[in-house]
Each structure stands twice: as C-alpha cells, then as structure tokens.
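Work through the exercises below with the model open beside you. Try each task before you read its solution.

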Amino acid sequence: MTAEQSDNIALIKKHIGEYPNFPKKGILFKDIFTALRNGEVCKAIKSVLISYVQENCPDVEVIVGLEARGFLFSLLIAAELGVASVPIRKRGKLPGKCVQQEYKLEYGTDVFEVQEGSITKGQKVLVIDDLLATGGTMDAANKLIQQLGGLVVQNVVIIELTQLGGRKKLETSGSKVHSFIQYDDIE
C-alpha cells in the first residue's frame, strides 16, 4: 500500500460517524454516510477502492453491490473499470425472475435476491459492501452468485467489525475478504 493510500484510509476512518445505542442498546453503530458528507473523503474512498480492485482483481467482470450501501460503491467501481454492476437486494425489490437465498439474522431470517441472467456462468465477480459484521448477508450473496455460476473473486468492505466473526465465516466457506478499516470494539 502506498503512503497516499494509507493517508486516504486514515482520512476515511477519521470521518466515520459513531452512534451509540443504534439500532439498539449496546451497539456502537459505525456510519459510512457520515464520511460521505465530505467531498475529500468521497474522493479518497474512490481512490482506495479503484486502486485496490485494479491491483488485486484485474480480471473482474462484474461488481455486485449489496443492499443498500453497497450499491453506491459497486456502480463507482464498475463505471471506472467498464464492467457490469449488479445489485443484490432483499426479497421483493427486484422485477423479473430472481434467484433467492435465505440468511440468518439475529432474530429470524431474511432473503436476498438477484435477477436471473445478471451473472453468467464463469464470470469473475467482486462483492462490495460498506461493512462486514457477522457475514450473513455477504455469505448469502456469495451463494447467490455461485447459484448463477459466477466465481466470487473477492469480498471487499470499507469497514470490518472484527469481533463479530464475519471474516471467519466467509473464509471458512472459501471466500476471500478484504477490509480497509477494522474495528475491534463494537460497544
């Protein structure tokens, strides 16, 4: 990593907002939207993401963004690289025929969907989101991509909450993970 990229990551981290007791008591919410209020931070995020993907995933063909913050970053990367941008959304949000994958939440389950035909057999896919916590949504996204025949090259996030074990969950299932900013404390 270059000195410029290290400086960019430090700038991003400095502007990430923290909201105690959100969405529930005992949680310290890390908010990327707070950082996006600053134009210099937006430029830094773009620089960090594009540099990383170009250096580490040069042959990626599809950028998948996870609902909803991942959409912001997937289009940014895809437009710069001239590759496809595909959303993975919660059930009922996409038109047409979709493939579904259920995943676990703290209290119950939810379902992710992707449109059939949005990823073709053998395509190399990078998955992007703002934050990795328990890994449930990213794991579900990886399974959806595999159902369509895509090859997940890597999962990339801006922020990782290391104590929640998302990386371990993904790596145990064979997925590569990269995060730019790690937090060990979640409360």
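**Exercise 1. Where is the place of D59?**

Solution. D59 sits in the loop between α3 and β3. Helices (H or I, at least four residues) and strands (E, at least two) are DSSP runs, numbered from the N terminus. The model is predicted: local features need pLDDT of at least 70, side-chain atom pairs count only at pLDDT 80 or more, and totals for chains, interfaces and linings use all residues. Residues are numbered from 1 along each chain as its sequence is written, and side-chain values use heavy atoms, with hydrogens and water left out.

Next, check the exposure of D59. D59 is partly exposed, because its relative accessible area is 41%. The cut-offs are these: buried is under 20% relative accessible area, exposed is over 50%, and partly exposed is in between (1.4 Å probe, protein chains only).

Last, take a distance. D59 and F33 are 26 residues apart in sequence. In space they are 30 Å apart, C-alpha to C-alpha.

**Exercise 2. Describe the open sheet of seven strands**.

Solution. Start with the order. It reads β5-β6-β4-β3-β7-β8-β9, and the pairing is mixed. Two strands pair if DSSP finds at least two bridges between them.

Now find the edges. β5 and β9 (177-183) stand there, each with a single partner strand, so one side of each has no neighbour in the sheet. From one strand to the next, the twist averages 20 degrees. Here axes are lines fitted to C-alpha atoms, for helices over the stretch in contact, and angles run from 0 to 180 degrees between N-to-C directions.

Then zoom in on one pair. Strand β3 (residues 62-66) and β4 run parallel, joined by five bridges. Opposite V62 stands A84 in β4.

**Exercise 3. How many salt bridges does a search of the whole structure find?**

Solution. The search finds 10. A salt bridge is a side-chain nitrogen of Lys or Arg within 4 Å of a carboxyl oxygen of Asp or Glu. Side chains of opposite charge can pair when their charged atoms come close. Take three examples.

- K43 and E40 meet at 3.6 Å, N to O. They are three residues apart in helix α3 (residues 39-56), so about one helical turn separates them. K43 is exposed at 54%, and E40 is partly exposed at 47%.
- D110 pairs with K90, with the closest N and O atoms 3.9 Å apart. This pair links distant parts of the chain, 20 residues apart: D110 is in strand β6 (residues 108-115) and K90 in strand β4 (residues 84-90). K90 is partly exposed at 34%.
- E160 and R167 meet at 2.9 Å, N to O. E160 is buried at 4%, while R167 is partly exposed at 24%. Salt bridges link E160, R167 and E171 in a network.

**Exercise 4. Which element gives the most to the lining of the largest pocket?**

Solution. β7 does, with four residues. β2 (28-31), β5 (98-105), β6, β7 (124-132) and α5 (136-147) each supply at least two.

Now count the lining. It holds 34 residues, and P23, F29, L131, A133 and T134 lie nearest the centre. A pocket, on a 1 Å grid over the protein atoms alone, is an open set of points where a 1.4 Å probe fits, with protein on both sides within 12 Å along at least five of seven lines; lining residues have an atom within 4 Å of a point.

Finish with the classes. The lining has 18 nonpolar, five polar and 11 charged residues. Ala, Val, Leu, Ile, Met, Phe, Trp, Tyr, Cys and Pro count as nonpolar, Asp, Glu, Lys and Arg as charged, and the others, Gly among them, as polar.
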